[in-house]
Amino acid sequence: MAVRQRAVAALPTLMRALRKEAPPRHHTALPSLRRAFSLYDQINLIDNVPEDQLRFQEFDDTGFKINGVKYEGSLLCVGNLLMSWAPKKFSEITVESLSIFKTVRPIPEILIIGCGRYIQPVNPELRSFVRSIGMKLEPVDSRNAASTYNILNEEGRIVAAALIPFGVTS
């Protein structure tokens with residue numbers, strides 16, 4: 001109960017501080033799971049998130065900011081592992097470019113594909129390959145892919161993301 005009282009007492013100060021801060025113009029911050037819950041729930045969520053967990057913080061047209069470090073180009077994330085990824089545009093995503101999932105254990109329950117600026121239809125061969133491994137496939141724009149990855153990863157689920165930079169349109 002004391003924690004809740006402190007949180008309620010701090011709320012006006014927090015709101016004033018948030019109103020004063022303007023988001024940077026050249027980067028777009030990703031929506032946070034923490035904003036989706038009440039202040040009381042935020043305290044519980046923040047306490048349970050490991051410090052070494054990957055968190056997408058921002059994105060721009062050429063890359064992503066993860067745990068305070070800016071990465072240029074396409075990325076492949078599995079759990080808390082981060083790798084540079086060869087495809088530069090959505091049409092370059094092939095079974096071969098996702099072949100690492102033949103050997104990754106445990107198998108992620110879902111692969112989120114960040115298609116760039118716009119959602120793209122996934123070819124049947126790629127969809128079939130992902131299903132044959134035992135994963136679900138979710139193609140979305142890269143901004144939402146990064147946010148979804150954050151949420152699922154914070155929940156402790158085994159998740160993978162293959163992300164093309166947001167500025168890529170085809």
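Predicted model: local features only at pLDDT ≥ 70, side-chain atom pairs only at ≥ 80, totals over all residues.
Me: What caps the N-terminal end of helix 3?
Reply: Asn-123 does. A side-chain oxygen of Asn-123 lies 3.1 Å from the backbone nitrogen of Glu-125. That is a polar contact: a pair of N or O atoms within 3.5 Å, where within protein one must be able to donate a hydrogen and the other to accept it, and residues adjacent in sequence count only if both atoms are side-chain atoms.

Me: Which residues of helix 3 are buried?
Reply: Leu-126, Phe-129, Val-130 and Ile-133. Buried means under 20% relative accessible area, exposed over 50%, and partly exposed in between, with a 1.4 Å probe and protein chains only.

Me: Why do they sit on the same side of helix 3?
Reply: They cover an arc of only 95° around the axis, so they fall on the same side of helix 3. The arc is taken from the directions from the helix axis to the C-beta atoms.

Me: What do those buried residues pack against?
Reply: Strand 7 and strand 8 (136–140). On the other side of helix 3, Pro-124, Arg-131 and Ser-132 are exposed.

Me: Zooming out, how many helices and strands are there?
Reply: The protein has 4 helices and 9 strands. Both are DSSP runs numbered from the N terminus: helices are H or I with at least four residues, strands are E with at least two. Along the sequence the pattern is α-β-α-β-β-β-β-β-β-α-β-α-β. Of the 170 residues, 39% are buried.

Me: Strand 9 next. How many of its residues are buried?
Reply: 5 of its 5 residues, 159–163. Val-159, Ala-161 and Leu-163 point one way, and Ala-160 and Ala-162 point the other way. In a regular strand the side chains alternate between the two faces of the sheet.

Me: Which strands does strand 9 pair with?
Reply: Strand 5 (residues 75–78) pairs with strand 9 in the antiparallel sense over 4 bridges. Strand 7 (residues 110–114) pairs with strand 9 in the parallel sense over 5 bridges. Strands pair if DSSP finds at least two bridges between them.

Me: What stands opposite Ala-161?
Reply: Cys-77 stands opposite Ala-161. Ile-112 also stands opposite Ala-161.

Me: Cys-77, buried or exposed?
Reply: Buried, at 0% relative accessibility. Cys-115 is buried too, with a relative accessible area of 1%.

Me: How many disulfides, then?
Reply: A search of the whole structure finds 0. A disulfide here is a pair of cysteine sulfur atoms within 2.5 Å.

Me: And Leu-76? What does it touch?
Reply: Leu-76 is in strand 5 and is buried at 4% relative accessibility. Leaving aside neighbours within four places in sequence, its contacts include Trp-85, Ile-100, Phe-101 and Ala-161. Contact means heavy atoms within 4.5 Å. Leu-76 and Ile-100 are 24 residues apart in sequence and 9.9 Å apart in space, C-alpha to C-alpha.

Me: New topic: how many aromatic pairs?
Reply: The count comes to 3. Rings of Phe, Tyr and Trp (its six-membered ring) pair if their centres lie within 6.5 Å; planes under 30 degrees apart are stacked, over 60 edge-to-face, and the rest tilted.

Me: Which rings form a cluster?
Reply: Phe-56, Phe-64 and Tyr-149. The Phe-56 and Tyr-149 ring centres are 5.6 Å apart with planes at 85°, so that pair is edge-to-face. That pair links distant parts of the chain, 93 residues apart: Phe-56 is in strand 2 (residues 56–59) and Tyr-149 in helix 4 (residues 142–154). Phe-56 and Tyr-149 are both buried. Phe-64 is buried as well, at 1% relative accessibility.

Me: Where does Asn-67 lie?
Reply: In the loop between strand 3 (63–66) and strand 4 (69–72). Asn-67 is partly exposed, with a relative accessible area of 32%.

Me: Last one: is the bond from Arg-105 to Pro-106 cis or trans?
Reply: Cis, with omega near -5°. Pro-106 is in the loop between strand 6 (81–84) and strand 7. Most residues other than glycine have a negative phi, and most peptide bonds are trans.

Key. Residues numbered from 1 in each chain as written. Heavy atoms only, no water.
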